[in-house]
Amino acid sequence: MITRDDQDIRTAANLIADRLASPEHAHTWDLAHGWWPQSLANGAVGVALLHIERARTGLAPWKRAHDWLACAAAGGAVGGSDSHLFYGAPALAFALHAASDRPDRYARALETLDTHVAATVRDRLDAAHARIDCGEPPALVEFDAIRGLSGMAALLMRHEAHTDLTQEVAAYLVRLTEPVNGDEELLPGWWSALSPSGTRSPNFPGGHGNNGMAHGIGGPLAALSLATLHGITTPGQNEAIERICSWLDRWQQQGPAGPWWPYWITRKQLRTGDPGSGPSRPSWCYGTAGLARAQQLAALALHDTARQHEAEDALLRAVTVPGQLDRTTDASLCHGFAGLVHLTQLAAGDAMTPDLPQALPHLLQRLVPAGPQALTDSLLAPPQGPADIGLLEGATGIALALHSTQTGTSAATAWNACFLIN
């Protein structure tokens with residue numbers, strides 16, 4: 001029996017997908033992030049994922065997916081140092097692999113893109129190892145989930161041909177977790193001399209240790225754990241996972257709203273043990289929800305039932321206790337209710353904790369509070385301000401999260417693999 005809530009969810013996903021049927025039409029809109037065809041985060045590559053997923057599950061014609069992919073590929077793929085999982089050749093390769101529903105589809109383009117991706121990854125690995133050899137601290141872009149090698153691992157893990165290269169990335173991530181000597185104390189190997197924005201700042205005189213999924217150590221933790229679950233291992237991998245988990249254990253805080261983690265740790269906080277005020281918004285990019293899923297994956301990789309139970313409890317409380325949940329104020333996949341819905345759904349599928357599925361109806365009500373049409377208009381025809389078609393913060397990501405509550409995620413597509421959560 002289809003409930004009213006189920007119908008609203010399906011209708012919302014359908015309305016958003018139909019509004020995004022044509023790249024030529026969307027190109028005429030005033031867009032929040034401008035027109036970036038090869039952006040997985042904000043552009044045509046991300047929108048293509050929505051139509052690929054819907055075509056894979058028989059809900060839409062393949063033509064829409066092909067039109068958006070053609071739009072993304074027009075003019076040639078951006079490669080080299082400017083590219084990463086969420087932009088350029090790797091982003092296009094991620095989407096084309098998702099669209100390859102038969103062996104010959106996009107075969108020539110994929111062969112070319114995969115060659116460029118492999119070369120880019122090897123160049124970045126060489127640079128990262130050289131940086132470690134010199135004793136220099138990393139920039140977040142070296143290792144994070146969006147622009148760094150953790151994100152590239154998400155792409156490589158989708159294809160058996162890249163198993164050896166994935167092992168090389170895992171070996172680098174293992175090395176990244178090894179402690180290093182700071183001026184006065186031992187620092188984790190991922191400690192950056194920069195601020196969270198990736199620049200030098202007087203507010204971060206000694207740099208920081210970033211705990212986020214998007215830009216911090218949550219990405220490497222998820223990448224190493226998923227590699228283990230894919231059967232891809234390298235010496236020291238379990239120990240690296242445990243080192244990251246020990247760091248997160250050190251900074252885990254307990255409050256009336258449940259466990260939470262500071263978004264980052266400054267040098268002063270490292271010395272004093274003060275985590276700062278919190279909890280903050282429990283999102284995928286930063287906060288309890290993303291870190292809880294990463295730690296659940298780590299627990300599954302290590303067969304650590306105690307950690308799995310704690311991670312699932314942390315997520316459950318983050319999405320049900322007002323002290324954390326009410327800090328979420330938008331609908332997006334990156335840092336809003338769509339992300340909480342999708343993380344809860346994925347975690348529930350692997351959970352020992354039986355209560356996670358019961359949190360979904362309330363989260364969905366928060367995501368679609370005024371009905372499908374109102375949600376769609378707020379994203380793609382807002383009365384004030386530009387439209388947002390994006391995967392990370394806009395309509396595409398929200399539609400994919402809604403779609404997946406009704407159909408699951410196609411194993412062939414695995415659109416959410418780019419978030420290192422599946």
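The views show a predicted model, in which local features need pLDDT of at least 70 and side-chain atom pairs pLDDT 80 or more, while totals for chains, interfaces and linings use all residues. Residues are numbered from 1 along each chain as its sequence is written, and side-chain values use heavy atoms, leaving out hydrogens and water.

**View A. Helix 13 against helix 14.** Helix 13 spans residues 288-302 and helix 14 spans residues 305-318 (helices, H or I of at least four residues, and strands, E of at least two, are DSSP runs numbered from the N terminus). Their axes come within 8 Å and cross at roughly 160° (lines fitted to C-alpha atoms over the stretch in contact, with angles from 0 to 180 degrees between N-to-C directions). Helix 13 and helix 14 are therefore roughly antiparallel. The crossing is left-handed (the near helix is turned anticlockwise from the far one by less than a right angle; clockwise would be right-handed). Helix 13 contributes T288, A289, A292, Q295, Q296, A299 and L300 to the contact, and helix 14 contributes R307, Q308, A311, E312, A314, L315 and A318 (contact: heavy atoms within 4.5 Å). By class, this contact has eight nonpolar, four polar and two charged residues (nonpolar: Ala, Val, Leu, Ile, Met, Phe, Trp, Tyr, Cys and Pro; charged: Asp, Glu, Lys and Arg; polar: the others, Gly among them).

**View B. Helix 11 against helix 13.** The axis of helix 11 (residues 237-251) comes within 11 Å of the axis of helix 13, and the two cross at roughly 140°. Helix 11 and helix 13 are therefore oblique to each other, and their crossing is left-handed. From helix 11, the residues N238, I241, E242, C245, L248 and D249 meet L291, Q295, A298 and L302 of helix 13. The contact holds six nonpolar, two polar and two charged residues. Q295 belongs to this contact, and Q295 is also among the residues of helix 13 that touch helix 14.

**View C. Helix 4 against helix 5.** The axes of helix 4 (residues 62-73) and helix 5 come within 11 Å and cross at roughly 160°. That makes helix 4 roughly antiparallel to helix 5. Their crossing is left-handed. W62, L69, A72 and A73 of helix 4 meet L92, A95, L96 and A99 of helix 5. Eight nonpolar residues make this contact, with no polar and no charged ones.

**View D. The largest cavity.** The model has three cavities of 30 Å³ or more (a cavity is a set of points on a 1 Å grid over the protein atoms alone where a 1.4 Å probe fits but cannot get out; lining residues have an atom within 4 Å of a point). The largest cavity holds about 60 Å³ (the space filled by probe spheres set on points joined across faces, edges and corners). Its lining consists of Q252, P259, W261, Q295, R307, E310, A311 and A314. Helix 14 gives the largest share, four residues. By class, the lining has four nonpolar, two polar and two charged residues.

**View E. The largest pocket.** The volume of this pocket is about 350 Å³ (a pocket is an open set of points with protein on both sides within 12 Å along at least five of seven lines). It is lined by 21 residues, of which G135, E136, P137, V180 and N181 are the closest to its centre. Helix 6 (107-133), helix 9 (163-176) and strand 1 (180-181) are the elements that give two or more residues to the lining. The lining divides into ten nonpolar, five polar and six charged residues.

**View F. Backbone geometry at P279 and Y106.** G278 and P279 are joined by a cis peptide bond, with omega about 5°. P279 lies in the loop between helix 12 (267-272) and helix 13. Y106, a residue other than glycine, has a positive phi near 60°. Y106 lies in the loop between helix 5 (89-99) and helix 6.

Terms used
Parallel < 35°, antiparallel > 145°, perpendicular 65-115°, else oblique.
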